[in-house]
Amino acid sequence: MPDEVKDLIEIRQWCRDQLKTSIDFWLEHGMDNINGGVYTCLDRKGDVYSTDKSVWMQGRCAWTFGYLCNVYGAEPEWKKAAKSCLNFLEDYCINEEAGKRLYFTVTADGKPLRQRRYCFSEGFYAIANAEFYQITGKKKYLKRARRAYEMIYELNNGLIKDPTGFGPKTIPATRSGFALADPMIFLNIIGILRRVDPAHTQEYDTRAKECVDRIINYHYHPELKCTLEWVDKQGNPCLDFTDGRVVNPGHDIECSWFLMDEANYEGNSELHEKARDIFKNAFEAGWDNEYQGLLYFIDCLGKPTEAYEHDMKLWWPHNEIMIASSKAYRDTGDQYFLDCLKRTVQYCKEHFVDDEYGEWYGYLRRDGLPTMPSTKGSTFKGPFHVPRALIMTERTLTEIIGDED
């Protein structure tokens, strides 16, 4: 057996083992059996250190357990967890007075705490309902998903005024532009909805092309060897201030596999090549050759970054490397991507994985040690990035080497 195949089999088994550990951890420690939904602020052992609930994570958790059902079969415990989070979202997380925008955080029993201008709560609500629709076939879930999806489209394109009343972060007359997060997250939402809702394929295809155009022709700047988080309305880089130079390598890598999926769907080899270039630029610029692991933020010109957490190592960018590198290797056979996968898995084994209590640490210092006190979850980390990466990497490797070891 060739060494490469042995490596892939070993990584796949590790993914399977880690997936079980991750899912068991969240089912045991995170699910709220009193109020419904999921707690994600968990310490190393799984004890809840804050009962406030992330609305993002209610949607993300529901999507994860729904996706598990659709990939591996509808286990009752997974379906129950997804349904619990969906019910909690529907009962407590929708701001009826603000055009059905979703909150950002709520209390344990669902009282609203924070509303944000960003429409990512709506995005995760949409994919969660879409995934559950595929399990159940019940139209109410698809209706909910499409309502949120349509709202996001209208907000992103300025077709409606934000019913929350929040305006842009900066005064538009002085500075306005586009954020990479909007088209890339919407592209991912489209991919999930298109999979479960073929009746609207033409609409999804049209809007996916709009997202790709915004990413490739506005944010991707090969002359700078990066994909910028923020550009002006014409897609020009703004290099005179820090926000205009920010590169989030993990974000770019996540974007690269969204684009690879779209390229494969379209049969677009040129787009696939650009997606791979986005991956390579981000990996090469962001990988820390002194301590290993991927840096959180960098400046596209090598100048100081404003974010104080810029040199930390977070769990999710490494999850995105796993997904993107395995997909790129599957599609091209290029050893470069296999090497990226192997380097990242090794780093995760050595620094993120907690063999004693299960699941992964979320936040590491630059030198790879967990921040103190170490956490397994937060407002932003829950049962989403880790299991998603493990599922997708395991499935992609199985496509390469087959079902048999």
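In helix α1, residues L19, I23 and L27 meet T64, F65, L68 and Y72 of helix α2, where contact means heavy atoms within 4.5 Å. Helices here are DSSP runs (H or I, at least four residues), as strands are (E, at least two), numbered from the N terminus. This is a predicted model, in which local features need pLDDT of at least 70 and side-chain atom pairs count only at pLDDT 80 or more, while totals for chains, interfaces and linings use all residues. Residues are numbered from 1 along each chain as its sequence is written, and side-chain values use heavy atoms, with hydrogens and water left out.

Now the geometry. α1 spans residues 3–29 and α2 residues 55–72; their axes come within 12 Å and cross at roughly 135°. Axes are lines fitted to C-alpha atoms, for helices over the stretch in contact, and angles run from 0 to 180 degrees between N-to-C directions. Angles under 35 degrees count as roughly parallel, over 145 as roughly antiparallel, 65 to 115 as roughly perpendicular and the rest as oblique, so α1 and α2 are oblique to each other.

Back to F65. Leaving aside neighbours within four places in sequence, F65 is in contact with I23, L27, W78, A81, A82 and P383.

Last, T105, in strand β4 (residues 105–106). Is T105 buried or exposed? T105 is buried, with a relative accessible area of 10%; buried means under 20%, exposed over 50%, partly exposed in between (1.4 Å probe, protein chains only).
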